[in-house]
Amino acid sequence: MMKIAFAVVALLAVAAQAYEHEDYHSHPSYKFEYGVKDPHTGDHKSQWEHRDGDVVKGQYTLEEADGTHRVVEYSSDKHNGFQAHVKRVGHAHHPEVYGHHEGGHSYGGHGHGKGSSYANGNLYQHHH
């Protein structure tokens, strides 16, 4: 009976030791991606990311208010640290400036009537 009790205690000790040494810092590995394309709000963006151990790579994109797209590609590892490369894709579109109003005043238009425009460099020129 003593041998069985000793064997059970030894097995419990081995099981407890294995449980205590469980590796909580295992090799991290994942992949994810998502995207939003909401025509009502104009919110357009996406992201993806992959991780394998200490190496992370990813990209996110978003549509700027001026119509261009910002693309950020990033990576991180032990040797190079975090690196990000930002690109702007497309041409900026600015809203039209409306300027011809009753009374001959121009508010940022094409220089018709009275007023000044700082948008085209003639901030200190007044038309009379």
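Reader: Is Lys-78 buried or exposed?

Author: Relative accessible area sorts residues: buried is under 20%, exposed is over 50%, and partly exposed is in between (1.4 Å probe, protein chains only). Lys-78 has a relative accessible area of 68%, so Lys-78 is exposed. This is a predicted model, where local features need pLDDT of at least 70, side-chain atom pairs count only at pLDDT 80 or more, and totals for chains, interfaces and linings use all residues. Residues are numbered from 1 along each chain as its sequence is written, and side-chain values use heavy atoms, with hydrogens and water left out.

Reader: With which residue does Lys-78 form a salt bridge?

Author: Side chains of opposite charge can pair when their charged atoms come close. A salt bridge needs a side-chain nitrogen of Lys or Arg within 4 Å of a carboxyl oxygen of Asp or Glu. Lys-78 pairs in this way with Asp-54, and the closest N and O atoms are 3.4 Å apart. Lys-78 lies in the loop between strand 4 and strand 5 (81-89), and Asp-54 in the loop between strand 2 and strand 3, so the pair ties together parts that are 24 residues apart in sequence. Strands here are DSSP runs (E, at least two residues), numbered from the N terminus. Asp-54 is partly exposed, at 43%.

Reader: How many salt bridges does a search of the whole structure find?

Author: The search finds five. One of them joins Arg-70 and Glu-64, with the closest N and O atoms 2.6 Å apart. Arg-70 is partly exposed because its relative accessibility is 30%. Glu-64 is also partly exposed, at 24%. Another links Lys-45 to Asp-43 at 3.5 Å. Lys-45 has a relative accessible area of 33%, so Lys-45 is partly exposed. Asp-43 is partly exposed too, at 31%.

Reader: What is the nearest side chain of opposite charge to Glu-49?

Author: For charge, Lys and Arg count as positive and Asp and Glu as negative; His and the chain ends are not counted. Arg-51 is the nearest opposite charge, 7.0 Å away. Glu-49 is buried yet has no salt bridge. Glu-49 sits in strand 2 (residues 43-52).

Reader: Which side chains make polar contacts with Glu-49?

Author: A polar contact is a pair of N or O atoms within 3.5 Å; within protein, one must be able to donate a hydrogen and the other to accept it, and residues adjacent in sequence count only if both atoms are side-chain atoms. Tyr-30 meets Glu-49 at 2.5 Å.

Reader: Where is Asp-66 found?

Author: Asp-66 is in the loop between strand 3 (55-63) and strand 4 (69-77). Its relative accessibility is 13%, so Asp-66 counts as buried. Beyond four places in sequence, Asp-66 is in contact with Arg-88, His-91, Ala-92 and His-93.

Reader: And Ser-29: buried or exposed?

Author: Ser-29 is exposed, because its relative accessible area is 53%. Ser-29 belongs to strand 1. Not counting residues up to four places away in sequence, Ser-29 touches Arg-51 and Asp-52.

Conventions:
Helices (H or I, at least four residues) and strands (E, at least two) are DSSP runs, numbered from the N terminus. Contact means heavy atoms within 4.5 Å.
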